[in-house]
Amino acid sequence: MDTDFEVIVNTGVPQKDSAKAVTIAISARALFDMEEEHELFMTEGPEEYVNHQIINEDIPLKEGIVFPFIRAIHMVNERLLSLDPEEKQLFQIILLSTHSAGGGVRIIKSVKYYGLDVSKFCFLNGHDPSEYLKSQNVLLFLSACETSVCNALKRHIPAALMLKQASATSKDQLKVAFDGDSVLFSDETDVVFREKGLVEVFKYEKEMEQVPIGEGPFKVFAMILGEMKKKFPPEDDPICTYLVTARSSNELGARAINTLRHWGLQIDEAFFMGGSPKGPVLAEIKPHIFFDDNPGNILGAHEYGIPAGLVLAGCK
């Protein structure tokens with residue numbers, strides 16, 4: 001593996017057991033609002049970007065779309081440790097920047113300013129992050145770069161494209177919402193729909209009702225959240241998971257429910273939208289993050305101030 005990147009361990013936070021931790025990688029542009037800095041890099045080049053970051057390194061970056069999600073993750077870690085101080089299955093956060101460490105001091109200082117539980121900083125010097133992600137056993141990657149997300153998905157790393165969005169979310173719970181097909185489940189039913197139409201989808205799903213749907217890119221992450229939930233009493237569980245799917249409950253819901261049962265995955269609430277807009281339901285749930293493969297649903301979530309990650313299609 002190409003090692004032309006720089007990794008800095010955050011000695012200000014307790015380090016996790018990487019062999020047992022649930023490692024999540026976040027790009028700096030997803031954690032912080034760096035649109036101005038990114039525009040400067042794209043128009044003026046890396047030297048001006050680095051100079052700008054150095055001049056402003058004592059000015060904390062503003063909160064970005066993933067910021068509330070990271071706060072909620074830290075809360076879950078604290079709750080887990082309060083139950084068992086020896087707990088090893090904790091969330092571990094790696095913060096990535098495709099730039100060099102020369103302009104990264106501001107990012108590091110911003111993390112410390114907000115008191116975020118980030119274990120490592122990795123500055124990639126322009127290299128694709130996917131190879132590094134694989135070496136670190138990353139189970140979720142959130143980035144503002146479409147190419148980086150697609151490359152991660154090609155390496156079978158759950159990844160989503162995060163677009164700038166203001167949000168208001170719960171501070172007492174970690175709420176994660178998943179789309180069904182092509183996200184939690186495989187895209188097999190979507191393929192039938194694209195190739196043969198909705199009528200054939202109904203026939204296919206009826207025939208396959210007792211056969212579990214294939215695994216989607218976010219199944220593993222959802223299962224890990226399910227494992228963590230079992231460590232808390234039901235009446236005091238800080239993790240809430242949701243299925244918000246375009247499937248209808250009557251014709252297409254049975255197979256989805258049977259699949260979740262087969263996996264042993266308990267979802268707090270499931271919403272079968274039957275093709276209706278997802279935004280109003282998401283506005284009621286107020287998840288810290290919603291994963292969907294449909295750009296229209298991402299935009300619909302944004303209209304209600306919901307942070308949403310686009311799971312890119314075709315990255316195979």
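The model is predicted, so to speak of local features we need pLDDT of at least 70, and side-chain atom pairs count only at pLDDT 80 or more, while totals for chains, interfaces and linings use all residues. Residues are numbered from 1 along each chain as its sequence is written, and side-chain values use heavy atoms, with hydrogens and water left out.

Let's start with Ala30. Ala30 sits in helix α1, residues 28–31. Helices here are DSSP runs of H or I, at least four residues, and strands are runs of E, at least two, numbered from the N terminus. Is Ala30 buried or exposed? Buried, with a relative accessible area of 0%. Buried means under 20% relative accessible area, exposed over 50%, and partly exposed in between, using a 1.4 Å probe and protein chains only.

What does Ala30 touch, leaving aside its neighbours within four places in sequence? Its contacts (heavy atoms within 4.5 Å) are Gly64, Ile65, Val66, Phe67, Leu142, Ser143, Ala144 and Met162. Cys145 is 115 residues from Ala30 in sequence, yet their C-alpha atoms are 8.9 Å apart.

Next, helix α5, residues 105–114. Its buried residues include Arg106, Ile107 and Tyr114. After α5 comes Gly115, with a positive phi near 70 degrees.

Now the cavity. A search of the whole structure finds one of 30 Å³ or more. A cavity is a set of points, on a 1 Å grid over the protein atoms alone, where a 1.4 Å probe fits but cannot get out; lining residues have an atom within 4 Å of a point. The largest cavity holds about 40 Å³ of space. Volume is the space filled by probe spheres set on the points, which are joined across faces, edges and corners. Which element gives the most to the lining? Helix α4, with four residues. Both α4 (67–83) and β5 (91–97) supply at least two. Among the lining residues are Lys16, His74, Phe91 and Asp117.

Last, two helices. α8 is residues 188–196, and α9 is residues 198–207. They pack at about 140 degrees, axes 7 Å apart. Axes are lines fitted to C-alpha atoms, for helices over the stretch in contact; angles run from 0 to 180 degrees between N-to-C directions. Which residues meet? From α8, they include Val192 and Phe193; from α9, they include Val201 and Tyr204.

That's the tour. Thanks.

Terms used. On a 1 Å grid over the protein atoms alone, a cavity is a set of points where a 1.4 Å probe fits but cannot get out, and a pocket is an open set with protein on both sides within 12 Å along at least five of seven lines; lining residues have an atom within 4 Å of a point.
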